[in-house]
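I opened the model to look up a few things about its fold. My notes follow the order in which I checked them.

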Amino acid sequence: MRRRDPQDPLLLQVLPRGRERESVAGFGDDPLAETSFGTAGVVRKYAGRALLITTGACPVHCRYCFRRAFPYATQLAARDDFEPALRMIAGDTGISEVILSGGDPLSLGNAQLADLIARLARIPALRTLRVHTRFPIMIPERVDDELLALLDSTRLRTVVVVHTNHPAEIDDSVAGALRHLRRVSNALLNQSVLLRDINDNAAALTELSERLFDCGVLPYYLHLLDRVTGAAHFDVTETQGRSLIDALRARLPGYLVPRLVREIPGEPGKTPIT
Ligand SMILES: *Cc1c(COP(=O)(O)O)cnc(C)c1O
Ligand code: SF4
């Protein structure tokens, strides 16, 4: 963050503001209907994939977080030492990929993660372990040798998806953590949220893609905002999103252009906006 700059794009992501208390039509506490798609902390929306709510803890509180009102107290896969969640996954051979989410799964300690990954690896139908995390960006020291060894040694194919919205989030220590993760994962990807006054311009998004690629990360998704209560002031329209993607296509190689998507509950996957 730049000192004395109230418009700093990193500050704006975490600064609580009075406008969050406005109630806006179309915005609610469970915009993705996750409570109706989940039991025992396992959210199942898409074929082949199950998402685990491993913890409610995060290294940062993004003010636009779509799980800001998530009922972690009752919807946590970590309950009863992950037993019900793991039983559910093992009982459905259609699940080939497990996504560790939360909160941020790297809030768990290495010992607990090692145990969880070992138990997942014993499920024969599972082929892929995915980790959705913002730790490498917020607290890059979390990417320590033990964690890297864990990801490196599992029989599962590993995908790490980080969450970065602006190139200024990637300083040298973040870049170092990302380069380490690149060595131990089958794929290292980034997802961003399109946020008003933060990254809703082609220059910032272009530089973000370039900076990520410097660190071995490919852009994956650019999400239109999930309409959670208190986040309406971050919303960017679909039309604006489309024209930003057009601008990126004109500047960048195809592999550095993220997919613009919206999450619509009930759809078979994220919905592409084209
Ligand atoms: C986004 C999401 C996934 C992953 O979707 P991909 O398109 O494979 O990245 C899986 N499960 C849930 C519940 C999700 O919200
Ligand atoms: S890192 Fe992700 S889960 Fe955590 S507060 Fe930010 S958006 Fe929410």
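In β4, what is the bridge partner of I53? I find that S101 of β4 is the bridge partner of I53.

**Ground rules.** This is a predicted model, so I note the limits: local features need pLDDT of at least 70, side-chain atom pairs count only at pLDDT 80 or more, and totals for chains, interfaces and linings use all residues. Residues are numbered from 1 along each chain as its sequence is written, chains are lettered from A and ligands numbered from 1 in the order in which they are written, and side-chain values use heavy atoms, with hydrogens and water left out.

**Entry 1: strand β4.** I started with β3 (residues 49-53) and its pairing with β4. The two run parallel and share five bridges. Strands pair here if DSSP finds at least two bridges between them. Helices (H or I, at least four residues) and strands (E, at least two) are DSSP runs, numbered from the N terminus. I then traced the link: the chain passes from β3 through helix α3 (residues 83-90) to β4, a right-handed β-α-β crossover. Right-handed means that, with the strands pointing away from the viewer, the path from the first strand over the helix to the second runs clockwise.

I looked at the other pairing of β4 next. β4 and β5 (residues 128-133) pair in the parallel sense over four bridges. In β5, R130 is the bridge partner of I99. The chain gets from β4 to β5 through helix α4 (residues 110-121), and this β-α-β crossover is right-handed.

Is β4 buried or exposed? Five of the five residues of β4 (residues 97-101) are buried, so the strand is largely enclosed by the rest of the structure. Buried means under 20% relative accessible area, exposed over 50%, partly exposed in between (1.4 Å probe, protein chains only). I checked the side-chain directions too: E97, I99 and S101 point one way, V98 and L100 the other.

**Entry 2: the sheet.** I followed the strands across. The 10 strands form an open sheet with mixed pairing, in the order β1-β2-β3-β4-β5-β6-β7-β8-β9-β10. β1 (38-39) and β10 (271-272) stand at the edges with a single partner strand each, so one side of each has no neighbour in the sheet. I also looked at β7 and β8, which run parallel and are joined by five bridges. There, S192 has L222 of β8 as its bridge partner.

**Entry 3: salt bridges.** I count a salt bridge when a side-chain nitrogen of Lys or Arg is within 4 Å of a carboxyl oxygen of Asp or Glu. The structure holds 20 of them. E34 and R67 form one, at 2.8 Å from N to O. E34 sits in helix α2 (residues 34-37) and R67 in the loop between β3 and α3, 33 residues apart. E34 is buried at 6% relative accessible area, and R67 counts as buried at 6%.

R130 and E97 meet in another, at 2.7 Å from N to O. R130 lies in β5 and E97 in β4, so the pair ties together parts 33 residues apart in sequence. R130 and E97 are both buried. I also found a network of salt bridges linking D81, E83, D115 and R119. D5 and R2 form a salt bridge as well, with the closest N and O atoms 2.7 Å apart.

**Entry 4: helix α8.** Helix α8 (residues 202-214) has 13 residues and reaches 18 Å from first C-alpha to last, close to the 18 Å expected at 1.5 Å a residue. The expected span is 1.5 Å times one less than the number of residues. Its buried residues include L205, L208 and L212. What do the buried residues of α8 pack against? They pack against α7 (172-184), β7 (187-193), β8 (218-223) and α9 (238-251). Contact means heavy atoms within 4.5 Å. Just after α8, G216 takes a positive phi of about 85°.

**Entry 5: the whole chain.** I counted nine helices and 10 strands in the protein chain. Of its 274 residues, 54% count as buried. The C-alpha atoms fill a box of roughly 45 × 40 × 35 Å along the principal axes. Of the contacts with a separation of 6 or more, 81% are between residues 24 or more positions apart.
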